[in-house]
Amino acid sequence: MTTEVRSMAEIAQRLKRRWLELVLVSALLLALGVLFSTTGLTLGDVISKRFLGATLRLSVPIAFAALGGIFAEKSGVINIGLEGHLIIAAFAAIAGVIMTGSVWAGFLAGILASTLFAVLFAIVCIEFQADQVIAGLAIWLVALGLGPFLSTVLYGSVNTPQTGSFQTITIPGLASLPVIGALFDVTPPVYLLYVAVIGCWYVLNHTAFGRWVNASGENPQALDTAGIDVIRVRYVSVILSGVLAGIGGAGYALSIGQFTGSGETMIGGRGFIAVVAYLLGNYNPIGAFLSTALFAGLQTLQIQLQTGVLPASLVQTVPYITVIVVLAAVGHTRTPAAAGEHYESGDE
Amino acid sequence: MTTAVQLDGITKRFPGVLANDDVDLTVEQGTVHALLGENGAGKTTLMNILYGLYEPTDGRIVVDGDERSFESPRAAIDAGIGMIHQHFMLVDPMTVAENVTLGAEPRKWGGLAVDADAAVRDVAALSEQYGLDVDPTAPIETLSVGVQQRTEILKALYRGAEVLILDEPTAVLTPQEVEELLSIFEQLTDQGKTIIFITHKLGEAMAAADDITVLRDGQTIGSIAAADTSREALAEMMVGREVLLEIERPPVERGSTLLTVERVSTPSQRGVPAVSDVSFSAHAGEIFGIAGVDGNGQRELIELLTGLSTPASGSIVFDGEVITHTSRRDRIERGIAYVPEDRHAQGLVMPFDLVENGLLGNQRTSSFTDTGRIDWDACHEHASSIIEEYDVRPPNPSASAESLSGGNQQKFIVGRELARDPALLIATHPTRGVDIGSTEFIHEQLLALREAGVAVILVSSKLDEVRGLSDRMAVMHDGTFVDTVDPDAVTEEELGLLMAGEQPARGEQQ
């Protein structure tokens, strides 16, 4: 009798939830459908090499930042400043190319700049136990100001001059496959992304260091009593997040060949989308990459949809509205238990 | 027989506190040694010194015949000493094998990868060897507290521990799990391991240990073989005076019916057994006991009585008025006081001081407030009087609740609830985790209430306690009262069967 009552209530609750998800998703599809019909776009335009290639290029900053965010947060340090890492890496990469004339040297300069920011962030958060969210926002704000400022000082404008950029590497044979051939006709940072996604997944799931990162974010005391230095694990993880986000920011800027610093800069919130991407991917690098592809795809689509009758600024909100809908519909991410908490050894 | 661990004249001074004062301890290899003492006697400090967490101010540590000094737990682990803390150090989403091998993972491919299969194999073999019966592939969060504890034991064994220190290992276990743990102790000592366990429970020390060392106020009172002593003698060593272990319940005239519960039911939440169709009455001048294995609906039933939740069906009548659906506030005003099961979550606000905690539930009482303003002077006086009357230590109203030991927290809660001058007191596990001195005191208070004509409803998983105090006793199983019995007439065996849910042959109700 009582179990029946319980299961009835449970079923009702579940139905209500399913129904809500259904409404949300169908509303989204309907809105996208209406948008489509007002433009001349066809499905063939979306399932195409050009579309996939553009999506992959846009994935670089988001996916690398997301991979970095996974390491930091899994170890217990929430790095909300990924946006800042992307901005400073993008600027430093372009400045590096202008100074040295080498695209690869610029790429390294971008990574180095972002890594320095990560070291700073790690010291403030781990050594001095600052609030991680506030410190992360500070990193973003400093980068947001510093990038365009340095550009103005060095080049007389918030936008740098156009420089050389990464050239596409085409893998013969594979690249001529229909549609997915676009995967093998991309710039070096995209190839690097494939390696990084698999590599990060492997490190987190199959190495001792991955276990320690996981334990450090879930129960640092357990890791400490097992004889592993929690502070060191967190430093390495946070610095790694800076390196990865740096690859993303530098790689993105060097596929365009210019740093644009007006408004929200060329990064335009992709560091924050990265946070959503790894949450949606439940801290799994492969999941984070797939959700990144979804957002990057929507951003590509959004650019093409701007040719329709709707105001462009309204169409630009499509990826962000999708983020909200998807988060509401999925909503079962499990955050590390000790994320955001400071740890001091010997807290017996 | 060889000596596994010898502590010689250990002294540990913290700023302002002498935690250990010239303590000696000798533990023979292959034995179970109980470190017995009241809360705050210095047992855990002593073991933390042996485990390398604290450095002793003075004294010698000898392990396996060699004098040692451990500057970190790592050093103690390397010397074959493992410690299982009261709060487990486990990573919830990880599996048993991952937790056991954490920080000492078996590697393959030249260290590039963790050999997950080897970890599972090694842990399974260890579990098999010592009869621990733990599934290496199960995530920690899916396991019961007992199995989690065995995972901690595996962790120590995996790191090569020869001496296992367990801090209050039974505090979190059900009676069945305690039985299992004691048999694990046997398996371990049979294979040459040495066990030191910290406890304040006499019965456990007597049942599980070969030797017992008693600490009081940071000093060694004495070491004795468990076979050569008695509960009474140990209690006196622990407390420093004679302790009444048997509860004496003087006859009291039973008064009128105060509370009538008529066929209450409540649906279950998240798989916890609900209350179904429970009826009983409680009288003035009577202690009505509810016994049973934890998690059989006692908590839900008490929440219905205190007004923390309302029943799906049935009625509750108090002093002639129906209160089935009234709020907790209304019931406080009617004189229903409540000593909750979980003193940290429900009884006290831990960071608040005793003045504020003493006010809890009284914030609308006229002696503490005049239309919106709290009279802190009156509150301070109130807290001080509870502290004095119930011998709460330290006697400082400005001390935060979290700075008190469990026994003193509990005495303060009991004092606060009794100060309401209740007509009905509902006490759930009033002596859980409380040392024997305080337990004796709380029992005396409950009996005094009964003599003063208050109705008391007592829920406890300690059979001795509920049998000794109650005038009548219901046994709860799976959300129902299996039977209501006379605690003086019922045998231990009959109770065991009732607690397992077996209906009595005679359907006699009192």
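This is a short walk through a few parts of the structure above, which is a predicted model.

Helix H5 of chain A covers residues 103-127, and helix H6 of chain A covers residues 132-155. The two pack at an angle of about 150°, and their axes lie 10 Å apart. Angles over 145 degrees count as roughly antiparallel, and H5(A) and H6(A) are therefore roughly antiparallel to each other. If you look at how they cross, H5(A) passes H6(A) in a right-handed crossing. On the H5(A) side, the contact is made by Phe117(A), Phe121(A), Val124(A) and Cys125(A). From H6(A) come Gln132(A), Ala135(A), Gly136(A), Ile139(A) and Ala143(A). Seven of the residues in this contact between H5(A) and H6(A) are nonpolar, two are polar, and none is charged.

Staying in chain A, find Leu314(A), which lies in helix H13 (residues 312-315). Is Leu314(A) buried or exposed? Leu314(A) has 11 other C-beta atoms within 10 Å, so Leu314(A) is exposed. Ser75(A) is 239 residues away from Leu314(A) along the chain, and the C-alpha atoms of the two are separated by 38 Å.

Now turn to chain B and its sheet. Strands of a sheet pair through backbone hydrogen bonds, either parallel or antiparallel. Here, four strands of chain B form an open sheet in the order S14-S13-S16-S17, with antiparallel pairing. Strand S14 (275-283) and strand S17 (321-322) of chain B stand at the edges. Each of these has a single partner strand, so one side of each is left without a neighbour in the sheet. Further in, strand S13 (residues 257-266) and strand S16 (residues 313-318) of chain B run antiparallel and are joined by five bridges. To place yourself along S16(B), look for Ser315(B), which has Glu262(B) standing opposite. A helix also packs on this sheet: H9 of chain B, residues 298-306, touches S13, S14 and S16 of chain B. The direction of H9 makes about 55° with that of S14(B).

Finally, where do the two chains meet? In all, 23 residues of chain B are in contact with 20 residues of chain A. On the chain B side, helix H2 (73-78) and strand S8 (113-114) each supply at least two residues. That side of chain B has 13 nonpolar, five polar and five charged residues.

Note on methods
Residues are numbered from 1 along each chain as its sequence is written. Chains are lettered from A and ligands numbered from 1 in the order in which they are written. This is a predicted model: local features need pLDDT of at least 70, side-chain atom pairs count only at pLDDT 80 or more; totals for chains, interfaces and linings use all residues. Axes are lines fitted to C-alpha atoms, for helices over the stretch in contact, and angles run from 0 to 180 degrees between N-to-C directions. Angles under 35 degrees count as roughly parallel, over 145 as roughly antiparallel, 65 to 115 as roughly perpendicular and the rest as oblique. A crossing is left-handed if the near helix is turned anticlockwise from the far one by less than a right angle, and right-handed if clockwise. Two residues are in contact if their C-beta atoms, placed from the backbone, lie within 7 Å. Ala, Val, Leu, Ile, Met, Phe, Trp, Tyr, Cys and Pro count as nonpolar, Asp, Glu, Lys and Arg as charged, and the others, Gly among them, as polar. Two strands pair if DSSP finds at least two bridges between them. A residue is buried if 20 or more other C-beta atoms lie within 10 Å of its own, exposed if 12 or fewer, and partly exposed in between; C-beta atoms are placed from the backbone.
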